[in-house]
Amino acid sequence: MFNKFCNILIISDLSDAFGTKPLIMEQNHNADIGQQPSFIPAGWIGGFSEHPPKQPYPNSKLLSSLPFEKNLDHIPNITRMLRAKWPEFSWETTPGDPKTRMFQMFAPDISRLGYDDKGRVWSIICPQQGVYFQTLGATMNIEVTVTGNRGWINESASAKELFAADITIKPTIWFSPDSNAGWFWQQLVKLDNKWSNKLPLSKSKGIRINATDENGESDIHVRMGERANYPFPDRTKHWRDYAWAVANLAVRIGAIDKVDPKVDEFNSWVMEIFNLGSGNLLQEKNILTWNLWAGSPELVNQEEWTNHAEYWRYSIDVNHRPPEGEGSGIADFNGNPFSASEFYLGIKIAEFTAWITKELL
């Protein structure tokens, strides 16, 4: 259980075989490799990013003129996408101490940028993920829920100016059962019934965590290039893997939303255990940064896009693994693995279970 917890965020090839043409990246991003071939599928029109014309990257006038969209509101408009094939995350296990900075690649295909043939972005998704507790018969689900997005992309631009987007997010945590008959799940259901069905036993009632950009602004910028202020080790760079582009963002973790005193206490227990096992990944005031290494543009199957979250949910709940494979373990800059205290984690989980039992008396 401990190993699974420490690797807590460990989310169909749609390429058209016809009508594609090779595109050679303009820059040699790594001195020991050649230019990387990529492919742009047929149907690209472009032009959306050029209004108004001759604006410097990231075309702030265009971005600020766009309303924030909901991820599922415009699926019929989404014809193309970029997948985050190598999502590389970083944070400090002791906030404020750069010596404690850790790195982890989350599960492949964890995030997608969906857009139309002219280059307007309509959806940026981060599917559900989870960690399975075999001894408890339950899964803790984690999602960086994108609550709003706006952006543009130009598939013909240089690697430094391919796209720009703004998002608003709300990280969410909730439990789901391996079996409704499991002892731990039954205790949670009893407590939920006692407290007017307010426990995080579904996404709609999940623990909702506030988040901003690193300066406290609600709009979080997704911009091209690697994160400049937080250097990542060479093992996290993916030009050798034929990455087509890399973008970055940073998020400051805020407080959890209040529900009522008893539920708030339950949620505090959950967050304490989560952060103990994950190295304070979602610790309040911590800054979480990531580089999203994307593959080449792909055509979108809109039915697959619509069902993507359900596909992930099934894989996590039934197979207890992300459908596209695991990410990497948590490690420092030199590759030394992160190690939380299994002893203290075990004690905290036992205390949490005892607390639930007491609240049911």
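Predicted model: local features only at pLDDT ≥ 70, side-chain atom pairs only at ≥ 80, totals over all residues.

Visitor: Where is N197 found, and what is its phi?

Guide: N197 lies in the loop between α3 and β10. Its phi is positive, about 55°, although N197 is not a glycine. S196 belongs to the loop between α3 (183-194) and β10 (207-212), and S196 has a positive phi too, of about 60°, without being a glycine.

Visitor: Which residues does a cis peptide bond join, with omega about -5°?

Guide: Those are H51 and P52. P52 sits in the loop between β2 (37-40) and α2 (60-65). P58 is also found in the loop between β2 and α2, and the bond from Y57 to P58 is cis, with omega near 15°.

Visitor: Now the strands, please. How many residues of β3 are buried?

Guide: A general idea to begin with: along a regular strand, side chains alternate between the two faces of the sheet. As for strand β3 (residues 80-92), twelve of its 13 residues are buried.

Visitor: Which strands pair with β3, and in what sense?

Guide: Here are the antiparallel pairings:
- β13 (residues 287-294) pairs with β3 over six bridges, and A84 has A294 as its bridge partner.
- β4 (residues 101-105) is joined by five bridges, with E88 opposite M105.
- β5 (residues 112-115) pairs over four bridges, with M81 opposite G114.
- β14 (residues 298-299) is joined by two bridges, with R80 opposite L299.

Methods: Residues numbered from 1 in each chain as written. Heavy atoms only, no water. Buried < 20%, exposed > 50% of the residue type's maximum accessible area, 1.4 Å probe, protein only. Pairing = 2+ DSSP bridges.
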